[in-house]
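Please open the model in your viewer and keep the sequence panel beside it.

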Amino acid sequence: KSEKMARNVLSEYRLQRKTLAMPVLDVVYCPICSLPPEFCEYGPCFDKCKPWLLENFPDLYPNLREEELRRKMDDLDIVGTSSEGKKAKDANKPGDVKLLPGGKIKRKEEPAVVIARTQRNKRKFVTTVTGLDTFGVKLQDAAKVFAKRFSCGASVVKGPVEEIDVQGDVKDDIVDCILDEFSQVDADHVFFM
């Protein structure tokens, strides 16, 4: 009797195991970012994955299809377009794009000098100049010029963006100094914060 009961329990266990077994799924992974296609947009290099996604999963991202069609329409050169139209089209394009490690994108920005004044204490100010290096100016040399011109301390501050800190409120006078000393900087590219 105990053998029969053991067989029933064993057969019942096998039956439950068969019914609870999950079917094996065949998951497709992107060959570029090694993520499933549903998650490619969150990966480090979605722009590189787009052609593969359009080819293999066009219904997964319908907006990619529309983007591709728009891009192809923009790339078509219509006969009889004026050179002004082409210049305007080129002006709307973003700057050069550089892909950094980790999938970060760095765009080449238009050169600009930004001048800002920050308050240090009650009546003490620091004038900050950023963007001179985009014009090919050596920041150390510029700091020396500012220190001599304004008879104050000026130093290059290293960080994500290198900048020059000038002691004192010289926000208005520093523009003239930059335009006089550094001929490669144009007045149209100097901005205040």
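Which residues form a nonpolar patch on the surface? In this predicted model, select Leu25, Val27 and Tyr29, which make up such a patch and together have about 340 Å² of accessible area. Stay with Leu25, which is found in the loop between α1 (2-20) and α2 (46-56); its relative accessible area is 70%, and it therefore counts as exposed, the cut-off being over 50%.

Next, select the residues of the largest nonpolar core, which has 22 members, and highlight Val113, Val129, Leu132, Phe146, Ile164, Ile174 and Ile178, the ones that touch the most other members. If you then colour by secondary structure, you will find that β3 (113-119), α5 (139-150), β6 (163-167) and α6 (171-181) each contribute at least two residues to this core, with α5 giving the most, namely five. Centre the view on Ile174 and, setting aside residues up to four places away in sequence, look for its contacts with Ile115, Val129, Phe146, Phe150 and Val166.

For the last stop, select Thr128 in strand β4 (residues 125-130), a residue that is buried, with a relative accessible area of 11%. Display the side chains of Thr128 and Asp165, between which there is a polar contact of 3.3 Å. Beyond its neighbours within four places in sequence, Thr128 is in contact with Val114, Ile115 and Ala116, and also with Glu163, Ile164 and Asp165.

Technical notes: Residues are numbered from 1 along each chain as its sequence is written. This is a predicted model: local features need pLDDT of at least 70, side-chain atom pairs count only at pLDDT 80 or more; totals for chains, interfaces and linings use all residues. Side-chain values use heavy atoms; hydrogens and water are left out. A nonpolar core is a set of buried Ala, Val, Leu, Ile, Met, Phe, Trp, Tyr and Cys residues joined through side-chain atoms within 4.5 Å. Buried means under 20% relative accessible area, exposed over 50%, partly exposed in between (1.4 Å probe, protein chains only). Helices (H or I, at least four residues) and strands (E, at least two) are DSSP runs, numbered from the N terminus. Contact means heavy atoms within 4.5 Å. Patches are made of residues with over 30% relative accessible area and no salt bridge: like charges are joined within 9 Å, nonpolar side chains (Val, Leu, Ile, Met, Phe, Trp, Tyr) within 5 Å. Accessible areas come from the Shrake-Rupley method with a 1.4 Å probe; for residues, only the protein chains shown count as cover. A salt bridge is a side-chain nitrogen of Lys or Arg within 4 Å of a carboxyl oxygen of Asp or Glu. A polar contact is a pair of N or O atoms within 3.5 Å; within protein, one must be able to donate a hydrogen and the other to accept it, and residues adjacent in sequence count only if both atoms are side-chain atoms.
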